[in-house]
4 protein chains.
Amino acid sequence: MQFDRIIKNGTIVTASDTYIADLGIKDGKIAAIADALTGADDIVDATGLYVMPGGIDSHVHIDQPSGDGIVMADDFESGTRSAAIGGNTSILAFCMQEKGDSLRHSLDVYHAKADGNCHIDVAFHLIVTDPTPSVLGQELPALVEDGYTSFKVFMTYENLRLRDDEILDTLDAARNTGALVLVHCENEDAIRFLIGQHEAAGEFSAKSHATTRPIAAEREATHRALSLAEIVDTPIVIVHVSNQQAMEEIERARVRGSKVVGETCPQYLMLTADDLDQDELEGAKFVCSPPPRDKESQDACWDGLERGVFDLFSSDHCPFRFNDPEGKLNEKGKKSFRWIPNGIPGVATRLPILFSEGVQKGRIDLNRFVALTATNHAKLYGMYPQKGTIAIGSDADLALWDPNKNVTITNDILQQGCDYSPYEGLEVKGWPVHTIVRGKTVVKDGKVTGQKGDGKYLPRQKSNLVTSKPV
Amino acid sequence: MQFDRIIKNGTIVTASDTYIADLGIKDGKIAAIADALTGADDIVDATGLYVMPGGIDSHVHIDQPSGDGIVMADDFESGTRSAAIGGNTSILAFCMQEKGDSLRHSLDVYHAKADGNCHIDVAFHLIVTDPTPSVLGQELPALVEDGYTSFKVFMTYENLRLRDDEILDTLDAARNTGALVLVHCENEDAIRFLIGQHEAAGEFSAKSHATTRPIAAEREATHRALSLAEIVDTPIVIVHVSNQQAMEEIERARVRGSKVVGETCPQYLMLTADDLDQDELEGAKFVCSPPPRDKESQDACWDGLERGVFDLFSSDHCPFRFNDPEGKLNEKGKKSFRWIPNGIPGVATRLPILFSEGVQKGRIDLNRFVALTATNHAKLYGMYPQKGTIAIGSDADLALWDPNKNVTITNDILQQGCDYSPYEGLEVKGWPVHTIVRGKTVVKDGKVTGQKGDGKYLPRQKSNLVTSKPV
Amino acid sequence: MQFDRIIKNGTIVTASDTYIADLGIKDGKIAAIADALTGADDIVDATGLYVMPGGIDSHVHIDQPSGDGIVMADDFESGTRSAAIGGNTSILAFCMQEKGDSLRHSLDVYHAKADGNCHIDVAFHLIVTDPTPSVLGQELPALVEDGYTSFKVFMTYENLRLRDDEILDTLDAARNTGALVLVHCENEDAIRFLIGQHEAAGEFSAKSHATTRPIAAEREATHRALSLAEIVDTPIVIVHVSNQQAMEEIERARVRGSKVVGETCPQYLMLTADDLDQDELEGAKFVCSPPPRDKESQDACWDGLERGVFDLFSSDHCPFRFNDPEGKLNEKGKKSFRWIPNGIPGVATRLPILFSEGVQKGRIDLNRFVALTATNHAKLYGMYPQKGTIAIGSDADLALWDPNKNVTITNDILQQGCDYSPYEGLEVKGWPVHTIVRGKTVVKDGKVTGQKGDGKYLPRQKSNLVTSKPV
Amino acid sequence: MQFDRIIKNGTIVTASDTYIADLGIKDGKIAAIADALTGADDIVDATGLYVMPGGIDSHVHIDQPSGDGIVMADDFESGTRSAAIGGNTSILAFCMQEKGDSLRHSLDVYHAKADGNCHIDVAFHLIVTDPTPSVLGQELPALVEDGYTSFKVFMTYENLRLRDDEILDTLDAARNTGALVLVHCENEDAIRFLIGQHEAAGEFSAKSHATTRPIAAEREATHRALSLAEIVDTPIVIVHVSNQQAMEEIERARVRGSKVVGETCPQYLMLTADDLDQDELEGAKFVCSPPPRDKESQDACWDGLERGVFDLFSSDHCPFRFNDPEGKLNEKGKKSFRWIPNGIPGVATRLPILFSEGVQKGRIDLNRFVALTATNHAKLYGMYPQKGTIAIGSDADLALWDPNKNVTITNDILQQGCDYSPYEGLEVKGWPVHTIVRGKTVVKDGKVTGQKGDGKYLPRQKSNLVTSKPV
Ligand SMILES: [Zn+2]
Ligand SMILES: [Zn+2]
Ligand SMILES: [Zn+2]
Ligand SMILES: [Zn+2]
Ligand SMILES: [Zn+2]
Ligand SMILES: [Zn+2]
Ligand SMILES: [Zn+2]
Ligand SMILES: [Zn+2]
């Protein structure tokens with residue numbers, strides 16, 4: 001056989017298997033796996049490295065409108081570059097409908113931002129903020145057919161949140177079209193109420209971001225979202241779960257017979273509300289929603305990754321520059337936590353953190369690492385078997401990991417638009433030294449070797465959760 | 001000692017004790033309990049009877065506006081008369097604020113309806129439908145001081161439901177004034193959604209009332225109400241709980257440390273959704289919200305009465321005439337379940353049903369019967385020790401029960417405004433043969449011996465749940 | 001009316017009611033309660049005092065054989081004297097069968113110890129250690145008829161523990177005779193295993209008593225006891241519950257439909273395993289089984305008293321002198337935790353601790369205090385209505401409490417045989433200033449005013465849990 | 001490349017992936033997987049077939065002593081033949097220690113039975129019935145080193161059950177040697193007690209087998225086993241779980257942080273206690289322990305397979321002939337359920353049942369089928385990556401499935417020693433048409449093409465549950 005490229009002698013890891021073999025790539029796809037392959041000029045020596053499916057980060061915000069004068073720190077070029085640095089080969093970004101706009105128009109805007117600018121492959125979730133009858137009844141069915149097979153709704157944020165009737169209608173549209181709905185679960189009214197109390201008490205610092213968004217507000221919304229989905233009878237994804245109580249809601253729903261997917265993120269494993277409670281304005285760096293909780297919640301989230309409460313581990317990358325009038329420390333943000341943009345960067349650090357803290361410390365094994373970071377995302381969001389695994393016929397999207405490479409995370413190595421990382425100074429063991437998209441190396445040893453435009457837009461199939469079973 | 005009246009030789013029952021004694025009444029109050037009393041001309045022989053605190057029904061709708069051309073079947077005269085027939089000596093009726101009205105005005109209207117017309121004592125819960133800042137900030141504090149110490153909010157019914165922000169503000173007002181909030185927990189949007197589906201499918205019969213208000217909608221709202229109360233940090237009452245899943249929410253909230261009181265009603269012990277699914281329009285007789293569920297839910301509710309999930313057993317008396325253009329079978333109600341007025345009568349049957357099905361069948365003992373039907377209501381709603389028990393100094397509000405009297409329930413013996421009873425034909429063992437309000441017999445052997453005006457309006461203290469503990 | 005004695009103007013408290021009245025006593029029984037009584041020479045002024053049912057402590061070990069050379073610190077004279085000091089008017093002591101002995105013989109021995117020596121009334125639970133066919137089939141039925149209607153079995157202690165088959169047979173005998181079984185739930189084999197590990201590791205100090213009897217061992221045995229009772233279909237009492245996990249087992253069993261009573265004790269509210277971990281041999285003072293746990297378990301036990309997981313609050317008084325070769329610091333006990341006698345004194349401190357820490361701090365109200373310390377014990381163990389309440393015809397067993405009396409607990413005021421109290425130095429607010437047994441004052445202001453022999457042996461009815469319901 | 005054999009154009013299925021490819025076998029191992037392979041004379045056309053890892057049945061009883069005059073229906077020849085018919089390529093059989101025997105001796109006996117007689121590969125779990133210090137301290141460590149890395153203990157059966165102290169010691173030996181313990185969880189004493197009650201009531205028919213082994217007895221033992229393992233701090237496998245309550249115990253243990261593996265079997269999906277309740281002696285065919293339960297339990301077990309409560313799906317093949325004096329209907333067995341040998345055949349039907357009822361009916365997908373029937377067994381029991389997957393370097397143990405082949409199960413096609421199948425007449429869709437052991441076809445289209453001796457003994461590594469994690 002002839003190959004374009006052979007990855008020699010690596011330890012191949014999939015969501016179920018780990019074994020040493022050669023891997024042959026042809027036309028950007030995996031063509032052969034064998035104990036010994038020949039027949040290519042381009043040979044990558046992977047001795048001592050893990051050859052894993054490239055990471056798929058299915059929860060990434062890029063270049064998303066964020067209110068008056070606030071600008072996200074990443075455009076598609078920088079965002080996908082940083083993702084590639086961190087071992088990812090695909091991302092799922094959000095395309096947010098602005099109220100009054102059609103979804104089609106919103107997609108036009110995002111495609112214009114993304115097309116030709118990406119280092120790795122990109123697909124879009126829709127964020128539905130204006131679920132009019134025409135949006136739900138006409139646009140969505142057509143868009144699902146076109147490969148936009150998932151959408152997110154918000155139960156918080158003043159201009160994004162949907163009321164229960166709107167959520168029901170959106171879930172119903174998903175059910176009818178075979179799409180999948182992601183839900184951001186926090187009770188906006190409860191948060192507003194607590195913000196009012198804090199403001200009345202003269203509490204404006206960043207730590208109030210955490211106390212105004214308590215676990216009860218997340219648990220409430222989680223149970224409500226699950227109940228609405230139960231009533232409509234359609235599966236849902238509960239994104240960025242931060243604590244034990246919300247996890248219990250997911251487990252209870254499963255026992256009731258619902259199909260539910262849970263996601264957690266690095267911030268809920270590595271940060272706590274104490275990080276928001278720092279001198280000066282440093283706490284603003286850690287403002288995201290739901291907020292990081294406490295040590296006990298971190299343990300719960302680890303436990304959820306191990307026990308299968310969570311099937312997805314994503315970054316919820318949502319970057320704002322810190323010391324910047326268009327970022328965290330905008331004029332109003334300096335004065336009150338209420339105006340600090342919500343979100344933290346993380347697309348580059350997601351995989352090394354889980355590898356180092358999870359795999360190296362014995363909490364999860366390599367196969368679960370692959371499932372949580374790539375395979376499950378691909379299967380859930382209609383990208384499998386093209387993406388998310390190492391199998392004959394799949395895209396040759398690979399990350400080669402050196403398990404013994406020690407790296408201290410600093411913002412400058414992440415090559416992102418943001419001016420800080422919440423994990424600055426964290427020491428990790430294990431690093432993706434080689435990122436390959438459809439057979440082409442886009443990052444090697446921390447250097448970008450591809451160029452923008454290497455990444456393509458990726459239309460998607462329906463989720464394996466909503467399609468009938470495989471036989 | 002001299003008494004106005006002596007009840008001789010009865011078996012006195014309180015929420016904790018059962019013993020044979022004589023009971024002396026003076027000035028409408030209980031003045032002495034002893035193995036043998038003399039010193040009164042008026043002697044009631046209670047040999048073989050239980051002398052119990054008269055029932056307090058804390059959940060009664062009377063003469064409440066019910067929409068276009070629909071009229072409740074009871075005014076205060078007939079409602080309190082029927083209550084007395086059924087062994088009650090006090091009721092707590094709802095005074096509903098109509099949108100735009102002040103609470104004070106609403107109270108004026110209800111006092112005008114009630115004052116001078118009642119056979120037994122009456123107090124009012126407020127129903128808050130329009131929680132404006134002036135209602136919450138000015139009216140409520142004054143009214144709580146005046147003895148209106150509890151109010152109900154609705155999470156369902158198009159014109160009554162409050163949004164979460166309104167519920168939070170109302171709970172906060174309750175917390176600040178030391179009042180107690182009752183919550184009707186059903187998710188209106190979910191119900192609307194299901195009604196839409198049923199109507200689209202051409203399903204209009206009464207049984208659809210049950211399928212459009214599923215357990216999930218009640219469970220969701222219950223958890224939400226509990227979560228909002230947890231965030232505000234104030235106790236609440238979950239009224240008319242119909243099933244196991246909602247009960248679990250109450251128990252989970254208690255484990256989290258919340259103060260929650262649960263209430264169930266006879267319809268959830270005795271009726272099922274099958275009662276709504278009958279030929280002709282018969283099912284309309286059983287339309288109430290939440291709807292009766294199934295046998296398993298009945299068992300759960302019994303279990304909740306036994307295990308202490310519930311502290312209150314009320315009627316949720318909400319009477320509409322059946323064969324009446326102003327009642328169940330109004331023009332629109334004949335055509336669709338959606339227009340059948342919600343509610344069933346029950347103020348007269350609550351106590352005999354619980355006595356016969358609960359006490360006589362060994363599910364609960366006599367003391368628990370008294371607690372569930374009288375003492376707990378009095379303590380919870382600020383009427384204790386004046387009402388709800390047999391103790392020195394308390395009002396001589398008594399019901400004398402003949403435990404061996406067999407009665408077949410028919411509507412005509414209930415003396416209510418309604419033209420039917422949902423329990424028509426039910427045979428019960430045990431009946432209140434003598435109802436005494438502040439020392440005066442108002443019903444004897446099924447005959448009214450008092451007159452309207454015997455019952456007084458009863459201002460209330462704060463709930464024992466919100467006042468500091470007694471020492 | 002003529003009375004032997006009138007308690008004037010006190011605040012009478014029962015398990016459900018609180019009110020000011022006079023109380024008339026005749027022939028040792030309560031003859032009248034009224035707003036004003038006259039007709040007695042002997043008048044006790046109770047103004048400002050709570051007149052409560054005297055405490056019933058249903059879990060007391062006195063003069064029980066405790067192994068080689070170890071002697072309990074109390075005989076019936078000192079044990080009942082100390083109980084009276086602490087506001088009790090009855091105790092239920094254990095009569096332990098020694099292997100090979102008949103139960104009848106064991107009772108003869110205990111009656112010889114108790115009869116004529118008690119300051120307050122006494123009844124016996126049997127401890128069954130040798131459940132032979134003749135014991136279960138012949139002795140027990142006769143003894144239950146004679147008024148010994150409850151017995152305890154042990155799942156721990158080398159010479160006392162029963163195997164599962166023996167527990168099943170004993171439960172079955174209880175079912176057949178209408179008796180009630182109390183179970184001490186700890187897995188002996190697990191404890192033995194852990195003791196072996198500790199000894200192998202050279203760990204012999206008192207703190208190892210706690211680590212060798214972990215929560216898992218108690219939870220396991222609790223679930224097992226509940227399961228065996230479920231299989232036999234008979235109610236049981238889980239005594240001295242120390243933690244949340246065991247409480248959950250009780251609640252789960254109730255949800256499954258079992259009749260279960262839970263008991264906790266002062267040591268699980270006030271002590272922790274840290275008390276065992278002290279310099280010198282001080283830790284020995286706190287060695288009891290199950291061992292005290294941690295702050296979180298204390299909170300759970302308080303919660304269980306409030307929420308109704310527990311119906312009984314007992315002392316598990318099991319006194320050994322500390323600095324005594326026949327007590328805690330016997331020769332072997334000085335060398336290894338394994339030989340420190342298990343048990344701590346507490347019959348005198350149970351009520352003041354619950355009053356001060358529970359009632360005064362607002363955790364429970366006065367009525368629940370009475371239920372937990374007297375009424376429930378009487379009802380559960382077949383002593384009601386003779387004992388445990390204030391009602392016409394009941395024994396005039398009373399404790400008059402001064403809620404404002406501040407007392408620092410020291411061993412010398414407790415008048416017990418033990419040379420220490422685990423609560424030495426604890427400051428409590430509220431104290432029983434007057435203890436009255438069947439109308440006679442046996443303790444007043446901390447001084448014994450009666451004499452041994454005032455207390456009588458008390459045969460018992462069957463438990464209200466096993467008799468058919470009251471109507 | 002040169003191969004001994006190529007499987008062409010099949011749909012390869014692993015625990016995570018499904019894709020079409022050719023598969024090249026060399027020296028009994030998988031040497032290459034590619035879109036197109038050439039270079040072998042022996043080509044198997046797998047077009048339209050699923051190429052799956054051969055089944056591993058890790059719970060099989062063969063030729064095990066079963067008491068007086070009772071003989072198991074399969075020896076290693078017939079048992080492994082039938083297994084191969086049903087798509088299996090390895091089994092884990094039990095080697096039972098007889099009391100007084102050394103484990104080494106027991107193994108000698110079993111090796112003599114198995115060696116040279118097997119059609120597929122075989123390894124052994126040890127059944128420890130006599131855990132003496134020398135067995136646990138000396139034999140086990142050596143045997144674990146030799147590749148016998150798992151053992152089973154029984155909590156039921158009069159001659160097999162271990163007491164809690166013996167289970168603790170055995171778990172401790174497992175912990176010290178890195179072995180894994182499987183536990184059969186039923187409370188023997190409870191069963192004995194119920195058998196006594198049934199016999200006393202004259203109930204002897206097969207249906208009493210189910211009523212004497214109730215869910216409570218299984219739940220109790222399950223919680224106990226989990227608690228003992230928690231105390232020793234070592235992972236365990238709960239085998240043949242039959243119902244929701246036992247499943248909950250597993251889930252609770254996981255939430256507590258324990259490592260637990262759950263197994264269920266076809267009988268708990270397909271049979272109920274009603275199958276035991278048949279005329280004549282037919283019910284004896286379905287006597288196994290735990291007994292089949294009810295429809296609700298079946299649903300729970302399916303749910304457990306879907307939700308991940310169970311990681312293993314095994315047969316618990318334990319065959320006795322029906323109409324045979326050495327089988328079910330032995331002389332005593334005809335007279336009382338107590339003497340009917342416990343166990344049913346199932347090694348041949350396990351996979352077709354799960355494929356047809358699980359995969360074809362959309363309950364689980366193909367990848368989960370592979371995980372539940374092969375991969376998880378291999379990983380858990382130290383046979384991975386040699387066994388249980390399709391990966392380069394793994395043994396070429398394969399089953400080729402025709403998903404469209406309809407088969408009616410009858411005992412004669414199963415080629416087993418037993419004279420009946422409990423699933424006689426069941427129609428399944430999907431059948432393993434080709435079974436390949438280390439590259440050699442041993443069964444093709446229902447015909448044995450290999451011979452005894454094709455199967456080898458398989459020493460095992462330690463479980464992935466007990467070894468440190470892979471990196
Ligand atoms: Zn979000
Ligand atoms: Zn997000
Ligand atoms: Zn209502
Ligand atoms: Zn109502
Ligand atoms: Zn004990
Ligand atoms: Zn004790
Ligand atoms: Zn077994
Ligand atoms: Zn088995």
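**Exercise 1. The interface of chain A and chain D**

The model is predicted.

Solution. 

Step 1. Search for charged pairs. A salt bridge requires a side-chain nitrogen of Lys or Arg within 4 Å of a carboxyl oxygen of Asp or Glu.

Step 2. Assign the elements and residue classes. On the side of chain A that touches chain D, the elements giving two or more residues are β2 (18-26), β3 (29-34), α8 (244-255), α10 (295-307) and α13 (366-380) of chain A. By class, that side consists of 23 nonpolar, 7 polar and 8 charged residues.

Step 3. Chain A contributes 38 residues to the contact, and chain D contributes 38 residues. About 2900 Å² is buried between the two chains, with carbon and sulfur atoms giving 58% of this area.

Step 4. Count the polar contacts. Between chain A and chain D there are 14 residue pairs in polar contact, both residues being at pLDDT 80 or more.

Step 5. Examine the strand pairing. β3(A) pairs with strand β3 (residues 29-34) of chain D in the antiparallel sense, over 3 bridges. Within this pairing, Ile33(A) has Ile33(D) in β3(D) as its bridge partner.

**Exercise 2. The interface of chain C and chain B**

Carry out the corresponding analysis for chain C and chain B: what area is buried between them?

Solution. 

Step 1. Area and residues. The buried area is about 2800 Å², and carbon and sulfur atoms supply 58% of it. The contact takes 38 residues from chain C and 37 residues from chain B.

Step 2. Polar interactions. The salt-bridge count between chain C and chain B is 0. The rule for polar contacts finds 14 residue pairs across this interface, both residues at pLDDT 80 or more.

Step 3. Elements and classes. On the side of chain C that touches chain B, two or more residues come from each of β2 (18-26), β3 (29-34), α8 (244-256), α10 (295-307) and α13 (366-380) of chain C. This side has 23 nonpolar, 7 polar and 8 charged residues.

Step 4. Strand pairing. Strand β3 (residues 29-34) of chain B and β3(C) run antiparallel and are joined by 3 bridges. Ala34(B) has Ala32(C) as its bridge partner in β3(C).

**Exercise 3. The zinc sites**

Identify the protein donors of the zinc ion (ligand 7), and then those of the zinc ion (ligand 5).

Solution. 

Step 1. Ligand 7. The donors are Lys152(D) through NZ, His184(D) through ND1 and His240(D) through NE2, at 2.1 to 2.4 Å from the ion. Their spacing in sequence is K-x31-H-x55-H. The zinc ion (ligand 8) lies 3.3 Å from the zinc ion (ligand 7).

Step 2. Placement in chain D. Lys152(D) belongs to strand β9 (residues 150-154) and His184(D) to strand β10 (residues 180-184) of chain D, so this pair ties together parts 32 residues apart in sequence.

Step 3. Ligand 5. Lys152(C) (NZ), His184(C) (ND1) and His240(C) (NE2) coordinate the zinc ion (ligand 5) at 2.1 to 2.4 Å. The donor spacing is K-x31-H-x55-H, and 3.3 Å separate this ion from the zinc ion (ligand 6).

Step 4. Placement in chain C. Lys152(C) in strand β9 (residues 150-154) and His184(C) in strand β10 (residues 180-184) of chain C link distant parts of the chain, 32 residues apart.

Technical notes. Residues numbered from 1 in each chain as written. Chains lettered and ligands numbered in written order. Predicted model: local features only at pLDDT ≥ 70, side-chain atom pairs only at ≥ 80, totals over all residues. Heavy atoms only, no water. Contact = heavy atoms within 4.5 Å. Buried area = accessible area lost by both parts, 1.4 Å probe. Polar contact = N/O pair within 3.5 Å; in protein donor to acceptor, adjacent residues only side chain to side chain. Helix = DSSP H or I, 4+ residues; strand = E, 2+ residues; numbered from the N terminus. Nonpolar A, V, L, I, M, F, W, Y, C, P; charged D, E, K, R; others polar. Pairing = 2+ DSSP bridges. Donors = N, O, S within 2.8 Å, 3.2 Å for Na, K, Ca; no water.
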